[in-house]
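These are my notes from a first look through one structure.

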Amino acid sequence: QVQLVESGGGLVQPGGSLSLSCAASGSIFRVVAMGWYRQAPGKERELVATINAGHGTDYADSVKGRFTISKINAQNTVYLQMNSLKPEDTDVYYCNGRIYTSPTSWDEFWGQGTQVTVSS
């Protein structure tokens, strides 16, 4: 089994910055991609940013130029630096990992979620 443990998040004023991190551990053979999604109450979970094993990245249009995703392969850890935060960025943020647990078997794993609140 694989566990994703998130840290960071909290309350910040509009225009401020926060950093999230997520460490994957357990039966990891190879990480295909890791990323961040967010979800507000009553809404669908949406992509924020992803990064693959080759460090290729993808961002939601709403966060481009403000958020940066990065990772350390050797530590199976992904980071999300969030700058110029807006009230509409307020959500629960979830870490996601697409991970091979054996040479032929992969699955999708989720963290427990961390609250990000942008408010004055």
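**Salt bridges.** I started with Glu46, which forms a salt bridge with Arg38, the closest N and O atoms being 2.8 Å apart. For a salt bridge I required a side-chain nitrogen of Lys or Arg within 4 Å of a carboxyl oxygen of Asp or Glu. This is a predicted model, so local features need pLDDT of at least 70 and side-chain atom pairs count only at pLDDT 80 or more, while totals for chains, interfaces and linings use all residues. Residues are numbered from 1 along each chain as its sequence is written, and side-chain values use heavy atoms, with hydrogens and water left out.

I then looked up how accessible the two partners are. Arg38 is buried, with a relative accessible area of 4%, whereas Glu46 is partly exposed at 37%. The terms mean under 20% relative accessible area for buried, over 50% for exposed, and partly exposed in between, with a 1.4 Å probe and protein chains only.

Which residues are linked with Arg38 and Glu46 in a network of salt bridges? I noted Arg66, Asp89 and Asp91 as the other members. My search of the whole structure found six salt bridges.

Next I took Lys64 and Asp61, whose side chains meet in a salt bridge at 3.1 Å, N to O. Asp61 is exposed, with a relative accessible area of 63%.

I also recorded Glu108 with Arg98, where the closest N and O atoms are 3.9 Å apart. Glu108 lies in strand β10 (residues 106–110) and Arg98 in strand β9 (residues 91–100), so this pair ties together parts that are ten residues apart in sequence. My strands are DSSP runs of E with at least two residues, numbered from the N terminus. Glu108 is partly exposed at 37% relative accessibility, and Arg98 is partly exposed at 26%.

**Disulfide.** How many disulfides are there? I counted one, taking a disulfide as a pair of cysteine sulfur atoms within 2.5 Å. Cys22 and Cys95 form it, with their sulfur atoms 2.1 Å apart. The pair links distant parts of the chain, Cys22 in strand β3 and Cys95 in strand β9, 73 residues apart. The torsion about the S-S bond is about -85°, so the disulfide is left-handed. Cys22 is buried at 0% relative accessible area, and Cys95 is buried at 0%.

**Sheet.** I followed β3 into an open sheet of four strands, with the order β1-β3-β8-β7 and antiparallel pairing. Its edge strands are β1 (2–8) and β7, each of which pairs on one side only. Neighbouring strands of this sheet are turned by 15° against each other on average, direction ignored. For pairing I needed at least two DSSP bridges between two strands. β1 and β3 (residues 18–26) pair in the antiparallel sense over seven bridges. Ser7 stands opposite Ser21 in β3.

**Thr114.** I found Thr114 in strand β11 (residues 114–118). Is Thr114 buried or exposed? I have it as buried, with a relative accessible area of 11%. Leaving out residues up to four places away in sequence, Thr114 touches several residues, among them Glu6, Leu20 and Tyr93; contact means heavy atoms within 4.5 Å. A polar atom of the Thr114 side chain lies 3.0 Å from the backbone oxygen of Gly8.

**Gln75.** My last entry is Gln75, in the loop between β7 (67–72) and β8 (77–82). Gln75 is partly exposed, with a relative accessible area of 47%.

Conventions. Polar contact = N/O pair within 3.5 Å; in protein donor to acceptor, adjacent residues only side chain to side chain. Axes fitted to C-alpha atoms, helices over the stretch in contact; angles between N-to-C directions.
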